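Visitor: I'd like to learn how to read a protein model. Could you walk me through this one?

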Amino acid sequence: MTTTNSPATPRAPIEGFPPVSQVAFVVRDLERAMSLYEPFFGPFHTMDGSVSQALFRGRLCDVKLDMAFGRSGDIEIELIQWCGGESPHGEFIQAGREGIHHLQFRVEDTDAWIERVRPLGYAPFWYKRWSADIVFAYLERAGDPLVIEFLQMPHEP
């Protein structure tokens, strides 16, 4: 296999950048997706993933989400079904898309990581501070389909 260098100036890796902790898929039918992917990532456990009063594209919005979680080794696999309201997941489905949506990185300080990736062109577009130690942010950058999520949450014992 050959690779080509892009004309962009190479950048050094971000020191201390965490490994991927989750790969998230947005799906139209959660039950169908669980059935399809259970041989690879199951068994799944489900939960209501609805979020109220999250900052989405500059406005406080509510969204109804159903979620399922499986695993592939150390990586969590998340399936998300958008059921109504405003969120990145609704935009994705309404644009006619379905499939891999974002990568999650577990971090100690979401706000600090937002600032660390800002020079790379990433900016938050969905953000929620649940408490002093539980915060999530979805980030995007122009011309790049990769959405990243930073999740600050104490690890389970």
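Guide: Let's start at a loop. Arg-57 lies in the loop between β3 and β4 (59-72); helices (H or I, at least four residues) and strands (E, at least two) are DSSP runs, numbered from the N terminus. Before we go on, some ground rules: residues are numbered from 1 along each chain as its sequence is written, and this is a predicted model, where local features need pLDDT of at least 70, side-chain atom pairs count only at pLDDT 80 or more, and totals for chains, interfaces and linings use all residues. Side-chain values use heavy atoms, with hydrogens and water left out.

Visitor: What is the phi of Arg-57?

Guide: The general idea is that most residues other than glycine have a negative phi, and most peptide bonds are trans. Arg-57 has a positive phi of about 50°, although it is not a glycine. Gln-53, also not a glycine, has a positive phi of about 55°, and Gln-53 sits in strand β3 (residues 51-56).

Visitor: You mentioned peptide bonds. Which residues does a cis peptide bond join?

Guide: Gly-42 and Pro-43 are joined by one, with omega about 0°. Pro-43 belongs to the loop between α1 and β2 (45-48).

Visitor: Now the big picture. How many helices and strands does the protein have?

Guide: Three helices and nine strands. Reading from the N terminus, their order is β-α-β-β-β-β-α-β-α-β-β-β. The radius of gyration is 16 Å, close to the 15 Å that the globule rule gives for 157 residues, so the protein is as compact as a globular protein of that length. That radius is taken over C-alpha atoms, and the rule is 2.2 Å times the number of residues to the power 0.38. Buried residues account for 40% of the 157.

Visitor: How do I read strand pairing, say for β1?

Guide: Two strands pair if DSSP finds at least two bridges between them. β1 is joined to strand β5 (residues 75-85) by six bridges, and these two run parallel. On the β5 side, Val-27 stands opposite Gln-81. Five bridges link β1 to strand β6 (residues 99-106), this time antiparallel. Within that pair, Val-23 stands opposite Leu-103, and the bridge partner of Ala-24 is His-102. His-102 also stands opposite Val-147 in β9, and β6 runs parallel to strand β9 (residues 144-152), with five bridges between them.

Visitor: Why is β1 described as largely enclosed?

Guide: Six of the six residues of β1 (residues 22-27) are buried, so the strand is largely enclosed by the rest of the structure. Look at both faces: Gln-22, Ala-24 and Val-26 are buried on one side, and Val-23, Phe-25 and Val-27 on the other.

Visitor: What does Asp-29 contact, leaving aside neighbours within four places in sequence?

Guide: Contact means heavy atoms within 4.5 Å. On that basis, Asp-29 is in contact with Gln-81 and Glu-98. You'll find Asp-29 in the loop between β1 and α1 (30-41), where it counts as partly exposed at 37% relative accessibility.

Definitions and conventions:
Buried < 20%, exposed > 50% of the residue type's maximum accessible area, 1.4 Å probe, protein only.
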